[in-house]
Amino acid sequence: MHIIYHCYGGTHTSVIASYIHIGMLPTDKTPSKAEIEGIPMFDRLNGQNDTGHIVLIGTDEYGNNVYSLGVKNGKKLVEPALKDLYYHLFNTNDGLLVIDTSSATNWIMKIGGFISIALKSPIIGRPLVTYGVIKAYKNIVQIVKNVKAQESAEYNAIKR
């Protein structure tokens, strides 16, 4: 299975969700500022040039690949395009989950991300984004838990 988390820039909620999904961030507590900022992809893509690139974050306990993707304002185009391509390649959409994590993004993350990435000032923006992630962490965890429940159901259906 291929699981693609996406958000506006591909550097915040989608990256955090991906790392939660593969077990590199906890689901039972909010990580520290240092743990969040220590994520290799967190707030570190260079913005415009990386948008639209699917980045493999790792594999989960089922051996499924987990990715992060920045879509800017193109999510209404990107999701159907990914699903159509997958269908044309494999004659099914079973095995592909495309998850929009932007519902967990708060205004603090938007402002911090803009300052950090667009204005190229991570010294000011990154602490704001990190604070925003801490505030939104439970929401991001819930998105991942919903995906994992769906993934587990699909995995169990395949095993039968």
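Residues are numbered from 1 along each chain as its sequence is written. Because the model is predicted, local features need pLDDT of at least 70 and side-chain atom pairs count only at pLDDT 80 or more, while totals for chains, interfaces and linings use all residues; side-chain values use heavy atoms, with hydrogens and water left out.

**Stop 1: helix 1**

Select residues 13–21, which make up helix 1. Helices here are DSSP runs of H or I with at least four residues, strands are runs of E with at least two, and both are numbered from the N terminus. (Buried means under 20% relative accessible area, exposed over 50%, and partly exposed in between, with a 1.4 Å probe and protein chains only.) Among the buried residues are Val15, Tyr19 and His21.

**Stop 2**

Next, select His2, Ile4, Ile54, Tyr67, Leu82, Leu85, Tyr86, Leu89, Phe90 and Leu96, the lining of the second largest pocket. A pocket is an open set of points on a 1 Å grid over the protein atoms alone, where a 1.4 Å probe fits, with protein on both sides within 12 Å along at least five of seven lines; lining residues have an atom within 4 Å of a point. The space in this pocket is about 150 Å³. Helix 3 gives the most, with 5 residues. By type, the lining has 9 nonpolar residues, 1 polar and no charged.

**Stop 3: two loops with positive phi**

Most residues other than glycine have a negative phi. Go to Lys72, in the loop between strand 3 (65–70) and helix 3. Its phi is near 50 degrees, a positive value, and Lys72 is partly exposed, with a relative accessible area of 29%. Then move to Asn91, in the loop between helix 3 and strand 4 (96–100). Phi of Asn91 is near 60 degrees, also positive, and Asn91 is exposed at 62% relative accessible area.

Notes
Points joined across faces, edges and corners; volume = space filled by probe spheres on them. Nonpolar A, V, L, I, M, F, W, Y, C, P; charged D, E, K, R; others polar.
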